[in-house]
Amino acid sequence: MSTTRPEELLAFDREHLWHPYTSMTDPTPVRLVTGARGCEIEVDGRSVVDGMSSWWSAIHGYRHPELDRALGEQAARFSHVMFGGLTHEPAVALGRRLVDITPAALERVFLADSGSVSVEVAMKMVLQYQRGVGRPERTRMLTVLGGYHGDTFDCMSVTDPVGGMHSMWSGLLPEQVFGPRPPRHDAGPDDIAAWSAQLRAVAAEHAHELAGLIVEPLLQGAGGMHPYPAECLAVFREVADEHGLLLVFDEIATGFGRTGHLFVSELVTPDVLCLGKALTGGYLTLAAVLTTDAVARGISASESGVLMHGPTFMGNPLACAVALASIDLLLSGDWLGRVGHVNERLTAGLAPLRDLPGVVDVRTIGAVGVVQLDHPVDVVAATDAALAAGVWLRPFRDLIYTMPPYPIGTEELDRLLGGITEAVKAG
Ligand SMILES: *Cc1c(COP(=O)(O)O)cnc(C)c1O
């Protein structure tokens with residue numbers, strides 16, 4: 001291991017490395033990580049509970065022996081080969097497993113190298129399908145306000161116009177069609193009906209030019225940590241069917257049990273499904289797009305006859321091997337019980353925060369807990385306060401939230417709740 005002193009590492013980092021959504025010239029501080037094990041990471045030399053699962057991905061925590069072993073064994077065989085003209089067991093085994101555990105109609109698999117790329121591939125599938133079935137004029141996507149689908153340009157185009165900085169990119173982003181944000185998770189039938197009528201009206205008005213409908217099912221993540229009623233999913237399906245649109249579920253954040261469903265797609269089957277983030281248990285970047293036989297045939301009937309996409313690291317064997325091990329680990333344990341336990345403790349432990357000054361809402365879904373403030377969070381102050389309480393959090397906008405690794409222990413959960421409380425008070 002390098003013996004470079006922490007101060008030197010941080011000094012170079014500050015001068016030369018971009019961090020997510022951060023200024024290069026006036027960056028907010030970053031902390032040095034020197035290790036991670038179980039549900040804790042070592043930050044500035046101190047072990048703290050990870051409340052973020054490294055952005056939804058490390059669902060089993062860190063350095064899990066079975067995932068470490070799968071990675072090591074595959075590295076000893078071969079780490080990567082091109083996927084053009086070649087295949088290998090890790091990709092085949094992962095593809096088979098994904099087909100098995102997702103809804104029966106989804107049986108064709110594209111392995112992409114990140115969530116954003118998988119959304120790009122999904123949208124390309126939708127467009128090529130419409131061309132293949134003789135509707136080349138259908139080129140726009142329908143989506144809802146408040147969504148987040150990634151950071152590349154087409155992904156930004158279906159992300160919420162404010163969150164996706166559409167005004168900065170006007171003229172450069174494809175112009176998509178936005179319906180209203182689904183109502184709150186505890187909305188009553190009248191609110192759901194009103195929302196549905198608005199969405200149907202927008203869809204009907206633009207139907208002649210719409211190719212697909214893309215949403216994050218049940219929970220909008222980075223667009224505002226907004227859970228919404230399951231009834232809305234059937235509305236999406238009906239709107240898509242009524243107007244000949246392909247329905248794309250972006251389950252990059254919700255997949256693999258986070259909401260209490262292994263996949264939300266178990267409730268309503270989409271035509272195209274994007275998976276990422278927790279796919280490899282947080283070890284490596286990998287995403288997958290699954291679709292139906294009918295969509296695959298439509299794509300093949302388009303003028304090129306092939307899906308025009310093929311990243312260099314498509315089907316990376318290390319990532320596939322660790323993804324397979326992660327899925328095995330998830331399904332061989334009581335993930336539903338774990339997520340239920342986390343939900344109970346988060347729900348009970350966060351409820352009292354409603355009474356703190358500045359808190360406007362507290363909500364949970366599955367292993368996700370959210371505290372919404374009436375002002376933008378002071379991220380530096382909130383992060384510092386959480387760290388002082390032994391917890392790693394990364395708030396954004398007006399939200400302090402957590403989605404911990406599923407195996408998090410009772411003491412760790414209590415510490416996490418304490419850290420959130422301190423962050424809310426400081427932020
Ligand atoms: C994180 C995320 C993406 C983008 O995935 P990356 O791997 O960061 O490119 C897309 N959609 C949703 C719903 C996400 O949460």
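**Close-up views of a predicted model**

Figure 1. E422 counts as partly exposed, because its relative accessibility is 34%.

**Figure 2. A salt-bridge network that includes D361 and R363.** Salt bridges with shared partners join four residues, R184, D186, D361 and R363, into one network. Within this group, the side chains of D361 and R363 meet in a salt bridge with an N to O distance of 2.7 Å. Are D361 and R363 buried or exposed? Both D361 and R363 are buried. The structure as a whole holds 21 salt bridges.

**Figure 3. The salt bridge between R31 and D44.** R31 and D44 form a salt bridge in which the closest N and O atoms are 2.9 Å apart. R31 is located in the loop between α1 (6-16) and β1 (33-37), whereas D44 is located in the loop between β2 (40-43) and β3 (46-50), so the pair ties together parts that are 13 residues apart in sequence. R31 counts as partly exposed, with a relative accessibility of 33%. D44 also counts as partly exposed, at 43% relative accessibility.

**Figure 4. The surroundings of the ligand.** Which residues surround the ligand? The ligand is surrounded by S114, G115, S116, Y148, H149, G150, E216, D250, I252, A253 and K277. By type, the residues of this shell divide into three nonpolar, five polar and three charged. Several polar approaches can be described individually. A polar backbone atom of G115 is 2.9 Å from an oxygen atom of the ligand. At D250, a polar side-chain atom lies 2.7 Å from a nitrogen atom of the ligand. The side chain of K277 has an N or O atom 2.5 Å from an oxygen atom of the ligand. Taken alone, the ligand exposes 380 Å², of which the protein buries 82%.

Figure 5. T102 lies in the loop between α4 (89-101) and β4 (106-112). T102 counts as buried because its relative accessible area of 6% is under 20%. A polar atom of the T102 side chain lies 2.6 Å from the backbone oxygen of L98. Apart from neighbours within four places in sequence, T102 is in contact with F263, L273, L275 and L290.

Figure 6. D374 is placed in the loop between β14 (368-373) and α12 (379-388). D374 counts as exposed, because its relative accessibility of 52% is over 50%. The side chains of D374 and H375 are joined by a polar contact of 2.7 Å. Once neighbours within four places in sequence are set aside, D374 is in contact with G358 and V360. How many residues apart along the chain are D374 and T3? D374 and T3 are 371 residues apart along the chain, and their C-alpha atoms are separated by 45 Å.

How values were computed:
Residues are numbered from 1 along each chain as its sequence is written. This is a predicted model: local features need pLDDT of at least 70, side-chain atom pairs count only at pLDDT 80 or more; totals for chains, interfaces and linings use all residues. Side-chain values use heavy atoms; hydrogens and water are left out. Helices (H or I, at least four residues) and strands (E, at least two) are DSSP runs, numbered from the N terminus. Buried means under 20% relative accessible area, exposed over 50%, partly exposed in between (1.4 Å probe, protein chains only). Contact means heavy atoms within 4.5 Å. A polar contact is a pair of N or O atoms within 3.5 Å; within protein, one must be able to donate a hydrogen and the other to accept it, and residues adjacent in sequence count only if both atoms are side-chain atoms. A residue is near a molecule or strand if one of its heavy atoms lies within 4 Å of it. Accessible areas come from the Shrake-Rupley method with a 1.4 Å probe; for residues, only the protein chains shown count as cover. Ala, Val, Leu, Ile, Met, Phe, Trp, Tyr, Cys and Pro count as nonpolar, Asp, Glu, Lys and Arg as charged, and the others, Gly among them, as polar.
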